[in-house]
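Please find below a colleague's note on the model, arranged as numbered points. Each point takes up one local feature and gives the cut-offs behind the terms it uses.

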Amino acid sequence: MTYADIVSEARTLLQDAVEPYRFPSLEMYGYVERGLISLFSIRPSAFFVDGRMPTAAADMEPPTAAVAEAASGASLAPVSGGSRYRSALAYFVASKCLERDDTDTQNTALASAYMQHFAAFARA
């Protein structure tokens, strides 16, 4: 799964799939990076390779937002497990975008609900 896959799913949740986007890709890639760090603290086993934690720091470190932006989102997220974690990370990204865009009280409530979805998917 790539950063672009996660951002695409998050844009669907945010109803922000048509250019010009309300949320810039660079910002969303940064939220993906933060989501990966949060996922690691909740579920380290999501990062296992062949049943083991990678030993090289480079294999565990998520790409930065700038690296993902330079690769047009094609940077791989170092997570195993497929779509379950993609959905969790998409909810995380959507939540962070809505937290920033707090002009509407509905956004705040939806951001909280999306963060709960992230936690549920990450712990499942």
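Predicted model: local features only at pLDDT ≥ 70, side-chain atom pairs only at ≥ 80, totals over all residues.

1. Residues are numbered from 1 along each chain as its sequence is written, and side-chain values use heavy atoms, with hydrogens and water left out.

2. On helix packing: helix 1 (residues 3-14) packs with helix 2 (residues 25-42) at an angle of about 105°, and their axes are 10 Å apart. Axes here are lines fitted to C-alpha atoms, for helices over the stretch in contact, with angles running from 0 to 180 degrees between N-to-C directions; helices are DSSP runs (H or I, at least four residues), numbered from the N terminus. The two helices, helix 1 and helix 2, are therefore roughly perpendicular to each other, a label used for angles of 65 to 115 degrees.

3. On the residues involved: Tyr3, Ala4, Ile6, Val7, Ala10, Arg11 and Leu14 of helix 1 meet Ser25, Met28, Tyr29, Val32, Glu33 and Leu36 of helix 2, where contact means heavy atoms within 4.5 Å. By class, the contact of helix 1 with helix 2 has 10 nonpolar, one polar and two charged residues; Ala, Val, Leu, Ile, Met, Phe, Trp, Tyr, Cys and Pro count as nonpolar, Asp, Glu, Lys and Arg as charged, and the others, Gly among them, as polar.

4. On aromatic pairs: the structure holds five of them, a pair being rings of Phe, Tyr and Trp (its six-membered ring) with centres within 6.5 Å, and edge-to-face meaning planes over 60 degrees apart. One of them joins Phe40 and Phe47, which are edge-to-face at 5.3 Å centre to centre, with 70° between the planes. Phe40 is partly exposed, with a relative accessible area of 31%, whereas Phe47 is buried, with a relative accessible area of 5%; buried means under 20% relative accessible area, exposed over 50%, and partly exposed in between (1.4 Å probe, protein chains only). Tyr91, Tyr114 and Phe121 form one aromatic cluster.

5. On a charge over a ring: Arg11 lies over the face of Tyr21, at 3.6 Å from the ring centre, the criterion being that NZ of Lys or CZ of Arg is within 6 Å of the ring centre and within 35 degrees of the ring normal.

6. On the backbone: most residues other than glycine have a negative phi, and most peptide bonds are trans. The peptide bond from Glu19 to Pro20 is cis, with omega near 0°, and Pro20 is in the loop between helix 1 and helix 2. Gln15, which is not a glycine, has a positive phi of about 55°, and Gln15 is exposed, with a relative accessible area of 74%. Ser72 has a positive phi near 55°, lies in the loop between helix 4 and helix 5, and is exposed at 61% relative accessible area.

7. Met115, in helix 6 (residues 105-123), is partly exposed at 23%; its C-alpha atom is separated by 5.7 Å from that of Phe92, 23 residues apart along the chain.

Definitions and conventions:
Parallel < 35°, antiparallel > 145°, perpendicular 65-115°, else oblique. Phe/Tyr/Trp six-rings, centres within 6.5 Å; stacked < 30°, edge-to-face > 60°.
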